[in-house]
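Please keep the structure open while reading the points below.

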Amino acid sequence: MFKLLQKLTRNLIYAIPAMMLAGFAYGLWADTGWLKSAIIPFTFLMVYPMMVTLKVRKVFEGGDAKAQFLTQLINFGLIPFLTFGVGLLFFKDNPYMALGLLLAGLVPTSGMTISWTGFAKGNMSAAVKMTVIGLIVGSLATPLYVKTLMGATIEMQLPAVFKQILFIVFLPMLLGYLTQRLLVKRYGQQTFQRDIGPKFPGLSTVGVLGIVFVALALKAKTIAAAPGVLVDILVPLILLYAFNFLLSTVIGKSLLPRGDAIALVYGSVMRNLSIALAIAINAFGAQGSDAALVIAMAYIVQVQSAAWYVRFTPKVFGLPEEMLHQPA
């Protein structure tokens with residue numbers, strides 16, 4: 001079973017579109033009312049496993065302060081305002097789709113930040129720190145950004161959203177950390193990292209696919225009535241990801257050593273779409289499904305673009321030093 005889940009995690013590029021199609025078909029032909037009761041279990045399944053493997057202590061290690069500062073400056077000083085502006089431009093008649101774009105830009109980094117940094121031979125330690133900092137700061141800042149930028153156009157009770165984030169992010173983070181310490185104490189750090197930890201991301205993938213299925217099922221009839229809405233969503237997403245990759249690449253290449261620069265790219269372009277999806281579908285009621293649809297589409301663009309960027313990394317940043325000194 002875990003091998004199947006690991007295979008799904010490695011093939012999100014196919015699994016997410018397939019689940020979107022399945023949810024769309026189900027939503028057209030079956031009753032979707034009961035699906036709302038599955039949202040909370042899927043949300044917990046999506047978030048808790050990723051917290052079990054989160055290396056919170058890495059935040060307190062030094063050595064890459066410049067990369068951390070630049071990454072969070074991009075994440076919280078630029079990208080939220082860029083996504084807000086693009087949302088106003090493309091979704092001026094649908095504020096909840098604009099909200100989905102904003103949420104996708106507000107919670108940076110995910111487990112994929114670390115994975116893609118590793119694939120590209122970047123600084124893994126820096127990527128881990130970016131992930132933890134981005135998750136904590138993004139979760140706390142999201143309600144404030146949404147209230148400030150979109151409070152006039154969407155219904156939002158700030159205490160209620162903070163309560164949802166406490167339940168969606170920080171409770172699973174606490175339980176995940178306690179689980180991690182318990183497993184390390186019982187089996188040892190080496191066994192946990194080698195044999196136990198790698199099994200958890202697959203469980204998170206089940207939660208992601210379940211939420212994507214629910215989001216598409218709830219919006220199926222709307223999409224069927226106006227199929228062009230998918231194109232309307234894809235265009236701004238592609239533009240945002242392209243600009244983000246370009247900006248992060250230029251900044252990283254100009255100001256940082258190779259490994260830190262690669263970590264910066266993936267630490268500022270990869271968004272924690274799982275958390276964004278959970279917030280959209282839990283904190284904003286029935287209309288949150290519009291925001292969830294945008295975030296579900298963002299999965300496709302994010303995974304595809306990250307995979308392609310890895311292929312071009314040697315041309316952009318050159319080969320890592322250890323490969324340069326290998327005998328021909």
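Tyr26, Trp34 and Phe213 form one aromatic cluster, where rings of Phe, Tyr and Trp (its six-membered ring) pair if their centres lie within 6.5 Å, with planes under 30 degrees apart counted as stacked, over 60 as edge-to-face and the rest as tilted. The count by this rule comes to 6 aromatic pairs. The model is predicted, so that local features need pLDDT of at least 70 and side-chain atom pairs count only at pLDDT 80 or more, while totals for chains, interfaces and linings use all residues. Residues are numbered from 1 along each chain as its sequence is written, and side-chain values use heavy atoms, leaving out hydrogens and water.

**Rings around Tyr309**
- Phe245 and Tyr309 form a stacked pair, at 4.8 Å centre to centre with 25° between the planes, and this pair links helix H12 to helix H15 across 64 residues.
- Tyr266 and Tyr309 form an edge-to-face pair, at 5.8 Å centre to centre with 90° between the planes, and Tyr266 belongs to helix H13 (residues 258-269), 43 residues apart from Tyr309.
- Both Phe245 and Tyr309 are buried (under 20% relative accessible area, with a 1.4 Å probe and protein chains only), and Tyr266 is buried as well.

**Helix packing**
- The axes of helix H12 (residues 228-255) and helix H15 (residues 288-317) come within 9 Å and cross at roughly 35°, the axes being lines fitted to C-alpha atoms over the stretch in contact, with angles running from 0 to 180 degrees between N-to-C directions.

Conventions:
Helix = DSSP H or I, 4+ residues; strand = E, 2+ residues; numbered from the N terminus. Buried < 20%, exposed > 50% of the residue type's maximum accessible area, 1.4 Å probe, protein only.
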